[in-house]
Amino acid sequence: MTGPERDPHTTDDPTDRPVEQPVGEQHTTGQPRRSGLRNPERAVRGLGAGTLSLEALVLLLAIQPIRVVGGDLGGAAIGAVVALAVAAVVLAGMMRRSWAWNAGTVLQGLLLLGGLLHWSLLGLGIIFALVWAYALHVRRVILG
């Protein structure tokens, strides 16, 4: 023979092989998971905390450019931005609590209202409201 030696008792039928389950496809209760994540709750909490942390960082870093480029950003507006950033950091640390997601949504609304103090805060509010809406969508898809 010119080709590799084959055992005459084997077949090429793929249905003869046992079907293996992909890793992580079932819970111990036997019900299939909606995602392939080991701990979906933790992953979703991390998404929410990361979103809020990024928002706090952007708010704090935006103070000086808004003052220089945007014009009048008074003490009240700076205080509001710092308060929103602190609230975002606190909420990022409390994502284990179920109410933290609702509080994060309220925080996005407050940032949108910050647009009354300066137009650039409205722009940041729109951007982060969209990011937060996406995080809520991902949470709903993963956790059901």
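Author: Let's start with a word for direction: angles under 35 degrees count as roughly parallel, over 145 as roughly antiparallel, 65 to 115 as roughly perpendicular and the rest as oblique. One caution before we dig in: this is a predicted model, where local features need pLDDT of at least 70 and side-chain atom pairs count only at pLDDT 80 or more, while totals for chains, interfaces and linings use all residues. Residues are numbered from 1 along each chain as its sequence is written, and side-chain values use heavy atoms, with hydrogens and water left out.

Now the pieces. The protein has four helices and zero strands (helices, H or I with at least four residues, and strands, E with at least two, are DSSP runs numbered from the N terminus). Going along the sequence, you read the pattern α-α-α-α.

Take H3 and H4 as our way in. Helix H3 covers residues 99-113 and helix H4 covers residues 119-143, and the two pack at an angle of about 160 degrees with their axes 8 Å apart (axes are lines fitted to C-alpha atoms, for helices over the stretch in contact, and angles run from 0 to 180 degrees between N-to-C directions). That makes H3 and H4 roughly antiparallel to each other. Their crossing is left-handed, a label used when the near helix is turned anticlockwise from the far one by less than a right angle, with right-handed for clockwise. On the H3 side, the contact is made by Trp-101, Gly-104, Thr-105, Gln-108, Leu-111 and Leu-112 (contact means heavy atoms within 4.5 Å). On the H4 side, the residues taking part include Leu-121, Leu-124, Phe-128, Trp-132 and Arg-139. Sorted by class, this contact has 12 nonpolar, four polar and one charged residues (Ala, Val, Leu, Ile, Met, Phe, Trp, Tyr, Cys and Pro count as nonpolar, Asp, Glu, Lys and Arg as charged, and the others, Gly among them, as polar).

H3 has another partner, H2. Those two pack at an angle of about 165 degrees, with their axes 10 Å apart. So H2 and H3 are roughly antiparallel to each other, and the crossing of H2 and H3 is left-handed. Here Leu-84, Ala-87, Ala-88 and Leu-91 in H2 meet a set of H3 residues, among them Trp-99, Ala-103, Leu-107, Leu-110 and Leu-111.

Zoom in on Leu-84, then, which belongs to helix H2 (residues 75-93). It counts as buried, because its relative accessibility is 12% (buried means under 20% relative accessible area, exposed over 50%, partly exposed in between, with a 1.4 Å probe and protein chains only). Setting aside residues up to four places away in sequence, Leu-84 touches Leu-59, Leu-107, Leu-110 and Leu-111. Its C-alpha atom is 7.4 Å from that of Ala-56, and these residues are 28 apart along the chain.

Leu-59 is worth a follow-up. Beyond its neighbours up to four places away, Leu-59 touches Val-81, Leu-84, Ala-85, Leu-111 and Leu-124. It also turns up in the largest nonpolar core, which has 26 residues: Leu-52, Leu-59, Met-95, Trp-101, Leu-107 and Leu-124 touch the most other members (a nonpolar core is a set of buried Ala, Val, Leu, Ile, Met, Phe, Trp, Tyr and Cys residues joined through side-chain atoms within 4.5 Å). Helix H1 (40-70), H2, H3 and H4 each supply at least two residues of this core, and the largest share, eight residues, comes from H1.

Thr-51 sits in helix H1 and is buried, with a relative accessible area of 8%. Leaving out residues up to four places away in sequence, Thr-51 touches Val-131, Trp-132 and Ala-135. Ile-66, also placed in helix H1, counts as buried at 9% relative accessibility.

At 41% relative accessibility, Trp-99 counts as partly exposed, and apart from its neighbours within four places in sequence, it is in contact with Leu-91 and Met-94. Asp-72, in the loop between H1 and H2, counts as exposed at 73% relative accessibility. Even so, the C-alpha atoms of Asp-72 and His-118, 46 residues apart along the chain, are separated by 8.1 Å.

Stepping back, 26% of the protein's 144 residues count as buried. Among contacts with a separation of 6 or more, 64% come from residues 24 or more positions apart.
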